[in-house]
Amino acid sequence: FNINNEYFDYLIIASGSKAGLEVDKQDEVYDYIKKLNIKTTNLYNSLSGFKIKEDLRGLSGLRVKGNVKLYIDNKLIHTENGEIIFKDDGISGIVIMNMSSYYARLHNPKNAYLIIDLLNELSVEKIEKHLSDYNLIGIVHPKLVEYLKNKEKIEIINILKSFKLNIINTYETKFSQVISGGIDLNFINDNLTYKTNNKIYCLGESLDIDGVCGGYNLLFAFQSAIIAAKDIIKNEINSK
């Protein structure tokens, strides 16, 4: 490979993705990949918060744990317990970021919404008992108490046990931790070389591989580097 008048035996693509970058820097990550005529899939933001249609300003800053379900066209896609963070225009937190991973793999579908159980540990009957005296203090966060004030009993129960939030989309790329999509795996060999040129190695998040929160994306980046390094060492030994 001739790069800036310097010659190399191997080319290793390990430049990550555009996640977390400012808009004017995002295309730079993929420009050289396109120049090499390497096939890529469409790119979608992942491990991101969601922009929501509903007005959540009354809950902005609230951090709670609950059960979250992701639905697409009324079909349950994924459910998980975890931390939820409310913002002025949307929702975030670890469990929400994991939901965005499933959402991204469906290529940012329409008619997507979340159903959130904010009191997963309490039954409707127990909540109704507390509501008989409107005694939610100590049961839910004070900000949520204020948000529920003056609402009808049935609406309060619906918010606490099945809060429906309609998804507009994920937050912008610069606020995402990962990109779903990248170099097409149909063109990648088991040793992570490109099928039309076995001197090109494609690693980490440059590939169309992504995982949920928990270190999986970093682990794959490290492991793919090890696979490529071992293969290059083997090739060099065999060539002598």
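## Two helices that cross

Helices here are DSSP runs of H or I with at least four residues, strands are E runs of at least two, and both are numbered from the N terminus. The model is a predicted one, where local features need pLDDT of at least 70, side-chain atom pairs count only at pLDDT 80 or more, and totals for chains, interfaces and linings use all residues. Residues are numbered from 1 along each chain as its sequence is written, and side-chain values use heavy atoms, with hydrogens and water left out.

Let's start with helix H4 (residues 124-131) and helix H6 (residues 153-162), whose axes come within 11 Å and cross at roughly 135°. Those axes are lines fitted to C-alpha atoms, for helices over the stretch in contact, with angles running from 0 to 180 degrees between N-to-C directions. That makes H4 oblique to H6 (under 35 degrees is roughly parallel, over 145 roughly antiparallel, 65 to 115 roughly perpendicular, and the rest oblique).

Who meets whom? On the H4 side there are Val124, Ile127, Glu128 and Leu131, and on the H6 side Lys153, Ile156, Ile157, Leu160 and Lys161 (contact means heavy atoms within 4.5 Å). These residues divide into six nonpolar, no polar and three charged.

## Lysine 161, a buried charge in H6

Lysine 161 sits in helix H6 and is buried, with a relative accessible area of 17% (buried is under 20%, exposed over 50%, partly exposed in between, using a 1.4 Å probe and protein chains only). Its side chain makes a polar contact with the side chain of aspartate 117 at 2.9 Å (a pair of N or O atoms within 3.5 Å; within protein, one must be able to donate a hydrogen and the other to accept it, and residues adjacent in sequence count only if both atoms are side-chain atoms). A polar atom of that lysine 161 side chain also lies 2.9 Å from the backbone oxygen of leucine 119.

## Threonine 173 in its loop

Threonine 173 belongs to the loop between strand S10 (163-170) and strand S11 (178-180). It is buried too, at 12%, and its side chain has a polar contact of 2.7 Å with the side chain of asparagine 45.

## Two positive phi values

Leucine 47 isn't a glycine, yet its phi is positive, about 50°. You'll find leucine 47 between strands S4 (44-46) and S5 (50-52), in the loop, and it counts as buried at 2%.

Aspartate 73 also has a positive phi, near 50°. It lies in the loop between strand S6 (63-72) and strand S7 (75-86), and is partly exposed at 49%.

Notes
Ala, Val, Leu, Ile, Met, Phe, Trp, Tyr, Cys and Pro count as nonpolar, Asp, Glu, Lys and Arg as charged, and the others, Gly among them, as polar.
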